[in-house]
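Please keep the sequence and the model in view while reading.

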Amino acid sequence: MKKALLNHKKLKEALEALPQTQEEIAEEFGVSDRQLRYWQEKDTDAAISSCIRLSQLLMIPVEELLIFQEDPQTE
């Protein structure tokens, strides 16, 4: 079974294109800037609701923020 992960590279690229600071984006999104930085450090198992909200904030399709990997726990 495949598992959806938040693609840290795509997220970082999209966030860097915004004019706001990291802190402003985090505040607008309703998370700490620490959480936002964590999502940019490695592919993360983030809640799908967070991924959808991020895609709306960044105005990009949610599919662009996700990558799919085999989940070793379901094999």
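A salt bridge is counted when a side-chain nitrogen of Lys or Arg lies within 4 Å of a carboxyl oxygen of Asp or Glu. The structure is a predicted model, in which local features need pLDDT of at least 70 and side-chain atom pairs count only at pLDDT 80 or more, while totals for chains, interfaces and linings use all residues. Residues are numbered from 1 along each chain as its sequence is written, and side-chain values use heavy atoms, with hydrogens and water left out.

By the salt-bridge rule, the count comes to two. One of them joins D45 to K3, with the closest N and O atoms 3.8 Å apart. This pair links distant parts of the chain, since D45 sits in the loop between α3 and α4 and K3 in strand β1, 42 residues apart. Helices (H or I, at least four residues) and strands (E, at least two) are DSSP runs, numbered from the N terminus. Accessibility is classed by relative accessible area: buried is under 20%, exposed is over 50%, and partly exposed is in between (1.4 Å probe, protein chains only). D45, at 51%, is exposed, whereas K3, at 30%, is partly exposed.

The other salt bridge joins D33 and R37, whose closest N and O atoms are 2.9 Å apart. Both residues belong to helix α3 and stand four residues apart, about one turn of the helix. D33 is partly exposed at 25% relative accessibility, and R37 is partly exposed at 39%.

Which residues of helix α3 are buried? Within this helix, which spans residues 33–41, they are L36, W39 and Q40. Seen down the axis of α3, the buried residues fall within an arc of 100° (taken from the directions from the helix axis to the C-beta atoms), so they line one face of the helix. R34 and E41, on the other side of α3, are exposed. The buried residues pack against β1 (2–6), α1 (8–16), α2 (22–29) and α4 (48–58), where contact means heavy atoms within 4.5 Å.

Two packed helices are described by the angle between their axes and the distance between the axes. Axes are lines fitted to C-alpha atoms, for helices over the stretch in contact, with angles running from 0 to 180 degrees between N-to-C directions. The axes of α2 and α3 come within 8 Å and cross at roughly 105°. The two helices, α2 and α3, are therefore roughly perpendicular to each other, a class that covers angles of 65 to 115 degrees.

Notes:
Parallel < 35°, antiparallel > 145°, perpendicular 65-115°, else oblique.
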